[in-house]
Amino acid sequence: MAENKEDVLHVEGGKPLNGTIKVRGAKNFVSKAMVAALLAPGTSVLKNVPEIRDVHVVSDLLRLHGVDVDVNGDKGIVTINASHVEMPSVADVDTLAGSSRIPILFSGPLLHRLGEAFIPALGGCNIGGRPIDFHLETLRKLGADVDKDHADGIHITAPNGLKGAKIHLPYPSVGATEQTLLAAVLAEGKTELSGAATEPEIMDLVAVLQKMGAIISVDVDRTFRIEGVKELKGYTHTSLTDRIEAASWASAALATHGDIFVKGATQPEMMTFLNVFRKIGGEFDVTDKGIRFWHPGGDLNPVAIETDVHPGFMTDWQQPLVVALTQAKGLSIVHETVYENRFGFTKPLVEMGATVQLYRECLGSLPCRFQQRNYKHSAVIFGPTPLTGRDIDVPDLRGGFSHLIAALAASGPSNVHGISLIDRGYADFRGKLAALGADVD
């Protein structure tokens with residue numbers, strides 16, 4: 001089958017990216033807040049919503065369940081009326097299977113509204129294991145019956161409703177934390193969730209649920225205490241800014257010797273990234289309207305980075321930054337502790353001229369789930385190395401944007417194939433590249 005020309009981006013590299021772009025709400029929050037609207041038989045309004053494919057996938061899933069959804073892309077406002085909720089046909093749900101991993105988070109709200117939920121086969125980026133066992137075990141502990149033997153997916157019921165429980169996560173999984181919050185707020189009694197994720201996007205979801213009428217307290221030891229309530233109401237909320245997209249453009253400024261003002265970027269959620277950006281030799285200036293990132297000239301410094309759950313260095317930050325590290329003078333080390341297969345994107349970088357070696361050993365001091373498990377989850381980058389343009393196939397969302405940065409930093413032409421994957425998390429990235437003076441078509 002012929003490749004869609006719209007799915008290929010031609011890049012003439014070697015030009016600094018200079019100018020101003022705007023970043024809206026966080027992909028990793030907005031979709032979850034849209035699901036939360038299912039909990040209340042009323043209208044919810046979400047603002048600062050980015051025009052990304054994931055928003056439309058979740059909108060379509062909600063509509064399949066009888067929910068009225070209006071997406072105003074220009075204004076960044078999504079209005080959701082969940083007064084009516086119904087179970088769609090399995091065939092209709094399957095049409096969206098593989099488009100997103102969001103369907104598993106529908107479970108709690110649907111169990112409360114309808115007493116049952118159906119979860120199709122899950123998609124998402126192929127960057128390592130993201131098992132749903134934590135999700136299913138959480139639902140079981142709250143009183144749900146989980147049937148994994150269904151021909152087309154997973155069928156979940158709650159004949160006696162959901163009841164509060166004590167739940168411990170062996171790893172602070174973002175998805176399992178979201179699952180627990182969405183299921184426990186209307187469960188009868190109290191739920192104690194220990195070992196929870198505390199990412200800024202999680203805390204913004206807690207803020208949404210509190211606006212809806214939930215009672216949730218958060219302890220400093222990663223413990224959430226949720227007191228179930230009998231009903232919730234719709235919300236109006238403005239999403240926090242996407243710290244991943246903001247950092248990605250910062251890395252692009254560094255890799256291309258550019259100067260980018262990221263309008264809407266905020267400092268508190270990015271402090272860990274900003275520290276590393278400064279250590280490498282990048283400059284930034286925080287204002288009330290956003291953050292300016294630029295390459296000050298001269299050599300960049302090598303660094304050692306270990307990814308971790310919040311408040312550590314975010315795994316989604318490392319891929320774009322690795323491209324910039326190919327231009328640092330000396331040896332940089334990146335130890336990935338969150339996803340075991342996150343370095344697959346480096347192969348095209350090596351083919352473009354970068355010197356990147358992958359290791360199974362833990363090249364860092366943080367506790368790591370992948371120790372002695374035969375995964376190449378540490379990278380050593382030696383630079384600076386000139387990059388040369390080539391044909392590149394996008395492997396996943398963040399890896400794809402990293403390849404785009406590499407093509408922009410390289411000398412000569414590149415063709416980046418599969419760019420529709422980048423649309424999942426980077427709103428209007430083609431328009432933003434044009435605004436920054438990139439030579440792309």
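The predicted model of the protein contains 13 helices and 23 strands. Along the principal axes, the C-alpha trace spans about 65 × 50 × 45 Å. The radius of gyration is 22 Å, which agrees with the value near 22 Å that a compact globule of 441 residues would have. Of these 441 residues, 56% are buried. Among contacts between residues at least 6 apart in sequence, 74% join residues that are at least 24 apart.

Helix H9 covers residues 271-280, and its buried residues are Phe273, Leu274, Val276, Phe277 and Ile280. These residues lie on the same side of H9, because they cover an arc of only 165° around the axis. An α-helix has 3.6 residues a turn, so residues three or four places apart point the same way. On the other side of H9, Arg278 and Lys279 are exposed. The buried residues of H9 pack against two helices, H8 (243-255) and H10 (315-325). They also pack against the strands E15 (283-286), E16 (290-294) and E17 (304-306). Just after H9 comes Gly281, with a positive phi of about 120°.

Helix H8, one of the packing partners of H9, also holds Ser248. With a relative accessible area of 1%, Ser248 falls under the 20% limit and is therefore buried. Leaving aside residues up to four places away in sequence, Ser248 touches Pro320, Phe401, Ile405 and Tyr426. Ser248 and His155 are 93 residues apart in sequence, and their C-alpha atoms are 38 Å apart in space.

The loop between H8 and strand E14 (259-263) contains His257. The phi of His257 is near 60°, a positive value in a residue other than glycine. Most residues other than glycine have a negative phi, and most peptide bonds are trans. His257 has a relative accessible area of 48% and is partly exposed. A positive phi, of about 65°, is also found at Asn48, which is not a glycine. Asn48 is in the loop between strand E3 (43-47) and helix H2 (53-64). The relative accessibility of Asn48 is 18%, so this residue counts as buried.

Cis peptide bonds were examined next. One joins His310 and Pro311, with omega about 15°. Pro311 is placed in the loop between E17 and H10, two elements against which the buried residues of H9 pack. A cis peptide bond also joins Gly383 and Pro384, where omega is about 0°. Pro384 is in the loop between strand E20 (378-383) and strand E21 (391-393).

Three further residues were considered in helix H4 and in strands E6 and E13. Ser107 belongs to helix H4, which covers residues 107-114. The relative accessible area of Ser107 is 0%, so Ser107 is buried. Beyond residues up to four places away in sequence, Ser107 touches Ala117, Ile119, Leu139, Ile156 and Gln179. Phe118 is part of strand E6, residues 116-120. With a relative accessible area of 7%, Phe118 is buried. Phe118 and Phe106 are separated by 12 residues in sequence and by 8.6 Å in space, C-alpha to C-alpha.

His237 lies in strand E13, residues 236-238. The relative accessibility of His237 is 6%, and this residue therefore counts as buried. When residues up to four places away in sequence are not counted, the residues touched by His237 include Phe29, Val45, Leu46 and Lys47. Asp204, Ala207, Val208 and Lys211 are also among the residues that His237 touches.

Technical notes:
Residues are numbered from 1 along each chain as its sequence is written. This is a predicted model: local features need pLDDT of at least 70, side-chain atom pairs count only at pLDDT 80 or more; totals for chains, interfaces and linings use all residues. Side-chain values use heavy atoms; hydrogens and water are left out. Helices (H or I, at least four residues) and strands (E, at least two) are DSSP runs, numbered from the N terminus. The radius of gyration is taken over C-alpha atoms; the globule rule is 2.2 Å times the number of residues to the power 0.38. Buried means under 20% relative accessible area, exposed over 50%, partly exposed in between (1.4 Å probe, protein chains only). Contact means heavy atoms within 4.5 Å. The arc is that of the directions from the helix axis to the C-beta atoms.
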